[in-house]
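Thanks for coming, everyone. Let me put the structure up, and then we will walk through a few places in it.

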Amino acid sequence: MRAGFPDFRLGNVLATSFTGTLSERHGDAVERIPTPHRLVDWLAVNGLVVDSCTTAQLDLARELRESIHAAATAAAIQDALPASAVQVINDRSAQGRAAAILTPEGKRRWQLSSASCVEDALSVIAADAISVIAGERDGKLALCASPTCQAAFFDTSQSRTRKWCDMNTCGNRQKKARFHANQRKNPRSAE
């Protein structure tokens, strides 16, 4: 990983992990792919290795990220999907060259050829978003309960009542805030 950049927030769902490359959208936003090289890093961490990325390709990636976020947010609140977001997702999905392969463990994995480029990797992310938003996977889209985050995430918990996009960041931050608020209200309880 390249030093000096914020850590990636990785999850089990490619599309929503990709939207997490911009976090704290309703607070002090944190851009986790600020440069083309950082997008190459994120893709590699997620098994979509490409050799290089241009500024124009980074712009395409960010447009896809925001489109997935808009569509996933609409789906989570059971609102109509934004037509422009759907168009971008569909366009990116159709423009790539990637193959689904079966691993020895019985899992599907996407494979890019050695000649693949960022657009091919984006097509995989778009296809994953389509699968999630269309309801083809076991789980449900939800929005993070953190008022500064509100990221869309895919809840696969048994009860489908998960509140946070990431317990280690948003969940802990909210629990700490509640704890400190209670300490201020009841200063004697700390003794």
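**A walk through the model**

Let's start at one residue: Gln 57 sits in helix 3. A word of caution before we go on: this is a predicted model.

Is Gln 57 buried or exposed? Its relative accessible area is 12%. The cut-off for buried is under 20%, so Gln 57 counts as buried.

What does Gln 57 touch, once we set aside its neighbours within four places in sequence? The contacts are Leu 39, Ser 52, Cys 117, Val 118, Glu 119 and Leu 122.

Follow one of those contacts, Glu 119. Glu 119 belongs to helix 5. Its relative accessibility is 22%, so Glu 119 is classed as partly exposed. Again leaving out neighbours within four places in sequence, Glu 119 contacts Gln 57, Leu 60 and Gly 96. Now look towards Ala 98. Glu 119 and Ala 98 lie 21 residues apart in sequence, and their C-alpha atoms are 9.9 Å apart in space.

Next, zoom out to the two helices. Two packed helices are described by the angle between their axes and the distance between the axes. Here, helix 3 covers residues 55–76 and helix 5 covers residues 118–133. Their axes come within 11 Å and cross at roughly 0 degrees. Helix 3 and helix 5 are therefore roughly parallel.

Who makes that contact? From helix 3 come Gln 57, Leu 60, Ala 61, Leu 64, Ile 68, Ala 71, Ala 72 and Ala 75. From helix 5 come Val 118, Glu 119, Leu 122, Ile 125, Ala 126, Ala 129 and Ile 133. Sort the residues by class, and there are 13 nonpolar, one polar and one charged.

On to the strands. Strand 3 is residues 99–102, and strand 4 is residues 108–111. They run antiparallel, joined by four bridges. Within that pairing, Ala 100 stands opposite Trp 110 of strand 4. How many residues lie between strand 3 and strand 4 in their hairpin? Five. In the turn, Gly 106 has a positive phi of about 85 degrees.

Conventions
Residues are numbered from 1 along each chain as its sequence is written. This is a predicted model: local features need pLDDT of at least 70, side-chain atom pairs count only at pLDDT 80 or more; totals for chains, interfaces and linings use all residues. Side-chain values use heavy atoms; hydrogens and water are left out. Axes are lines fitted to C-alpha atoms, for helices over the stretch in contact, and angles run from 0 to 180 degrees between N-to-C directions. Helices (H or I, at least four residues) and strands (E, at least two) are DSSP runs, numbered from the N terminus. Angles under 35 degrees count as roughly parallel, over 145 as roughly antiparallel, 65 to 115 as roughly perpendicular and the rest as oblique. Contact means heavy atoms within 4.5 Å. Ala, Val, Leu, Ile, Met, Phe, Trp, Tyr, Cys and Pro count as nonpolar, Asp, Glu, Lys and Arg as charged, and the others, Gly among them, as polar. Buried means under 20% relative accessible area, exposed over 50%, partly exposed in between (1.4 Å probe, protein chains only). Two strands pair if DSSP finds at least two bridges between them.
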